[in-house]
Amino acid sequence: MKKALIALVALIFCGSATAQLKPRPDAFPPVSENNNTKAINMAETPAEMANWDRYPTYGTYVAMMQQWATDFPTLCRLDTIGSSYQGRLILSMEITANPSDTTLREFFYSSTIHGDEVTGYVMMLRLIDTLLRGYGNNPQYTDLMNTTLICINPLANPDGTYHSGDNSIRRATRYNANNVDLNRNYPNPFAPAKATLQQENIYMIDYFDRHNFRLSANLHGGAEVMNYPWDSYTSLQNPHPDRVWWEDVCRRFVDTSRTYNASHFNDTYSCGYTAGGDWYVITGGRQDYVNYYYNCLELTMEISTNKTLSSDQLPTYWNFLQHSFVNYIAEIHSLPGDTIPTPEPPDTIPDTNLTIRTINSSPITVYPNPATSTLRLSAPTTVQIDIYDCQGRKRQTLPAGTTAVDVSAMPAGIYILRYNGRCTKFAVKR
Ligand SMILES: [Zn+2]
C-alpha cells in the first residue's frame, strides 16, 4: 500500500520542486546486497570479457585499457588520472580521431565513484570498445569522434570495487580505502568543507584542471533516475539556470532507453528524472562541484536499481542504455550557452542578454596565470570579489574596483575568484 501511495505521489509530483519521495540510496550507507546469492562471474583475462557478461578482475581491467590503446593508437590515448590509496590506477581513455585539433569539445564520462555501483563500470568499458570499433563504420560514432574529445573513466573508486582483492567484486563497498564516501567529499560551493579531501578526488580535480570539459556525467546505481543539478538545494530554493535544458536532455535519455525497455527509469519518478535536491539534498557531491566551479555541465545517472547486477544481466542493460549513452555525448554540440541572442545595437542590449548563463561564465580574465606575485584583472569589477581555495574555503574578500590581487603570500595551488555569481579560476605558482 505504501508502495502504491509512493508511486501515486511520484506520478503527481514528477519533476516538481516539492516532491520528496523515498530516501535516496546515495544518501545513506548502502542497503546490504547479498552478492553471494548472485551470479557474479569474473573475467580473469580480456578474452573472457568477449560476451560482456562478466566483471573484469582489476588486472583484466587494466589490460583491457592498455590493449585498446595499443590496438587503436590513432583513435585513443590512455591517461592516468591518478591512483588510489591502495595504489590502484584511476584511468581515463581519451578518444578522438583528431587529437591535434585544439577546438574539439571535451566530454567526460566517469563511473563507480561508489565502488559497489558497478553497472556503469562495465557499461563504460563496453562504450569504449563500441566507439573504437565503430569508427569508420557507424556514421554517428565517426562524426562524434571527429568533432569531440571523449574521455571515459570507467572506475573512479577502484579500492571500493576491489575491496576484497583484485580478483573479485563480491565484497565491493561504496567507500574508498579510508572508509570515506567520495561523492560526499568534494568541496561544496554552498557550504564549508566537511572532511579532508581524499586522494582520489584530488587527482580527479587535477584532471578537470587539465581539461576543458563542457559536459559530463557521473554514473551510479541503486536507482534508475536521471539526477540533474543542484544536489545542494531543492529547485524551489535555487533552480539551476539551465534547468529547462537539463530536463530536455534527461527526457531524451530516458525516452531512448524506454524504447528498449518501457519500464526502465521508473523506480523513483515516473518521468525518470529529477533535480537532485528535489529527490534528496546532499552536499559534497561531484556534480555540484563541477557545475559550479568549472564551465562544465554534469549530471548524475543512476542507471540500475541493483547496485551490483548479476553479471549475466549486464548485456541486457547495455541494450537498454547504449544509444542513450552515445546520444548524451552528442548533446555537447548543443549546449545551452551555444544559443547566441540576436545581435542588437550595443547600447540597447540589456545587461542580462550579455551573459546567458549566470553561473560559470567568466567575462573577466586574469593574467598572468599562473601568477607568482600579482594577479591582474582584465577589467575592474563593480562588486566585491571573493577568493576561494580549491577546498572551497574563502581566503580573501577584495573591494569593488579591484584590478590587481597580491598573491605573494598565497600557497601554490588552484583558486577561484568569485564575484556576482561568476567564477574565474587561476593558479598560484611558487
Ligand atoms: Zn552512488
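**Confidence, sheets and a helix pair**

The average pLDDT over the chain is 84, and 81% of the residues score at least 70; pLDDT is the predictor's confidence in each residue, from 0 to 100. Over residues 1–21 the pLDDT is below 50, and this stretch has 26 contacts in the model beyond near neighbours in sequence. A contact here means two residues whose C-beta atoms, placed from the backbone, lie within 7 Å. Residues 340–362 also stay under 50, with 23 contacts beyond four places in sequence. Where pLDDT is low, the predicted coordinates should not be read in detail.

Some bookkeeping. This is a predicted model, in which local features need pLDDT of at least 70 and side-chain atom pairs count only at pLDDT 80 or more, while totals for chains, interfaces and linings use all residues. Residues are numbered from 1 along each chain as its sequence is written.

Now the sheets. Helices (H or I, at least four residues) and strands (E, at least two) are DSSP runs, numbered from the N terminus, and two strands pair if DSSP finds at least two bridges between them.

What is the strand order in the open sheet of eight strands? The order is 3-4-6-5-7-10-8-9, and the pairing is mixed. Strand 3 (76–83) and strand 9 (273–275) are at the edges with a single partner strand each, so one side of each has no neighbour in the sheet. Within this sheet, strand 7 (residues 213–220) pairs with strand 10 (residues 297–304) in the parallel sense over six bridges. Leu219 stands opposite Met301 in strand 10.

A separate open sheet has three strands in the order 11-12-15, with antiparallel pairing. Its edge strands are strand 11 (366–367) and strand 15 (404–406), each pairing on one side only. Strand 12 (residues 374–377) and strand 15 share three bridges, and Leu375 stands opposite Val405.

Last, the helices. The axes of helix 7 (residues 243–258) and helix 10 (residues 314–330) come within 7 Å and cross at roughly 150°. That makes the two roughly antiparallel, a term for angles over 145 degrees. Axes are lines fitted to C-alpha atoms, for helices over the stretch in contact, and angles run from 0 to 180 degrees between N-to-C directions. Which residues of helix 7 meet helix 10? They are Arg252, Phe253, Thr256 and Ser257, and their partners in helix 10 include Phe320, Leu321 and Tyr328.

How values were computed. Parallel < 35°, antiparallel > 145°, perpendicular 65-115°, else oblique.
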